Amino acid sequence: MLAGIDLGGTQVRVALARSDGQLIASVKTKTPPLKTPQGMVDWAAAEIDRLRGNQKVTSIAIGAPGPIDLKRGILVNPPNLPWRNVPLASMLNRATGAKVHLANDADMAGLGEFHRGAGRGTRNMVYITWSTGVGGGLIIDGRLHRGGHGTAGEVGHMIIDPNGPLDNCGQRGCLEVFCGGANLAKETGHPAAELFAAAARGDRHARMVVERSARYMGLALISLTNVIDPEMFVMGGGVTRSWKLVAPTMLETLRSSPFIKPARRPLLRRARLGDRAGQVGAVEWARINQ
Ligand SMILES: [Zn+2]
């Protein structure tokens, strides 16, 4: 059997699956009550043990927020958790006896959408999560592309304007500065959800900010198309709840490129798996690496 774990800042999800990837059961809990990494590992191991019946779980993948030391299976310093240099893979291996693979959460969500969500049937797909921040996962020739150091797909840190505002990452004018919900909230003084609600109601200023961010995202789609040539973009994350507000501008921007002819213009689809994408992708990763 396989298990997939999605470790987020607010909740942890565990899914159990047959060795062909067919999901059998899933559970979730809030992250804060688990407090320590050991608490999280003990909870996950106990749930896996409870759900597996008399079958053996041989391969587990955990999707977690970066930065991650993929080779050594270490969670370095996740932005939403007060944990530092946690050897999560070896801790979970000790608790379960299974082979454990630690992976980037956006990669896992992308993999989930590729195998079992909106991206099914494609070979080259770019997953973008547009929420508080902007992240991504790349599928190239049917496989997750992680890059030389496991950090490929950092879509949010593509430089859109070298004279733009300084990003938390230290670069200027990253896509995330113009589109990330946290930055939009900082700029407008309203939480991103309120901003998008106001734009939906027709508030002129909110509409302008939202449209500008969708245009910048569209420019990122142009650059990604030119570099990767995907058949499809799949977009997830909180902002996609306002799909009707952002999709037309993104598509219009993508279509405005005279260089990307209609024949090679990728599709733009909203993610299908919602907040289950990470656990579904982790199960797939556990299957691929079993
Ligand atoms: Zn950046």
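Me: How do H1 and H2 lie to each other?
Reply: Read the angle class. Under 35 degrees is roughly parallel, over 145 roughly antiparallel, 65 to 115 roughly perpendicular, and the rest oblique. Helix H1 (residues 37-51) and helix H2 (residues 88-96) pack at about 40 degrees, with axes 10 Å apart. H1 and H2 are therefore oblique to each other. This is a predicted model: local features need pLDDT of at least 70, side-chain atom pairs count only at pLDDT 80 or more, and totals for chains, interfaces and linings use all residues. Residues are numbered from 1 along each chain as its sequence is written.

Me: Where do the element names and angles come from?
Reply: Helices (H or I, at least four residues) and strands (E, at least two) are DSSP runs numbered from the N terminus. Axes are lines fitted to C-alpha atoms, for helices over the stretch in contact; angles run from 0 to 180 degrees between N-to-C directions.

Me: Which hand has the crossing of H1 and H2?
Reply: Left-handed means the near helix is turned anticlockwise from the far one by less than a right angle; right-handed means clockwise. H1 passes H2 in a right-handed crossing. From H1, the contact uses Pro37, Gln38, Val41, Asp42, Ala44, Ala45 and Ile48. H2 brings Leu88, Met91, Leu92, Ala95 and Thr96. Contact means C-beta atoms, placed from the backbone, within 7 Å. By class, there are nine nonpolar, two polar and one charged residues. Nonpolar covers Ala, Val, Leu, Ile, Met, Phe, Trp, Tyr, Cys and Pro; charged covers Asp, Glu, Lys and Arg; the others, Gly among them, are polar.

Me: At what angle do H6 and H7 pack?
Reply: Helix H6 (residues 192-201) meets helix H7 (residues 204-228) at about 110 degrees, with axes 7 Å apart. That makes H6 roughly perpendicular to H7. The crossing of H6 and H7 is left-handed. Leu195, Phe196, Ala198 and Ala199 of H6 face Ala206, Arg207, Val209 and Val210 of H7. The contact of H6 with H7 has seven nonpolar, no polar and one charged residues.

Me: How close do the axes of H7 and H8 come?
Reply: The axes of H7 and helix H8 (residues 243-255) come within 8 Å and cross at roughly 45 degrees. That makes H7 oblique to H8. The crossing of H7 and H8 is right-handed. The contact of H7 with H8 divides into 10 nonpolar, three polar and two charged residues.

Me: In what order do the strands of the five-stranded open sheet run?
Reply: Strands of a sheet pair through backbone hydrogen bonds, either parallel or antiparallel. Pairing here needs at least two DSSP bridges. The order is E10-E9-E8-E11-E12, with mixed pairing. Strands E10 (143-145) and E12 (267-270) are the edges, each pairing on one side only. The twist averages 25 degrees from one strand to the next. Strand E11 (residues 232-236) runs parallel to E12, joined by four bridges. Val234 stands opposite Arg269 in E12. H7 lies across E8, E9 and E11, at about 155 degrees to E8.

Me: Is Gly133 buried or exposed?
Reply: Count C-beta neighbours within 10 Å: 20 or more is buried, 12 or fewer exposed, in between partly exposed. Gly133 has 22, so Gly133 counts as buried. Gly133 sits in the loop between strands E8 (125-130) and E9 (134-140). Beyond four places in sequence, Gly133 contacts Gly156, Glu176, Gly180 and Ala182.

Me: How many residues of strand E7 are buried?
Reply: Five of the six residues of E7 (residues 99-104) are buried, so E7 is largely enclosed by the rest of the structure. Six bridges join E7 to the parallel strand E4 (residues 59-64). Ile60 has Val100 of E7 as bridge partner.

Key. Two residues are in contact if their C-beta atoms, placed from the backbone, lie within 7 Å.
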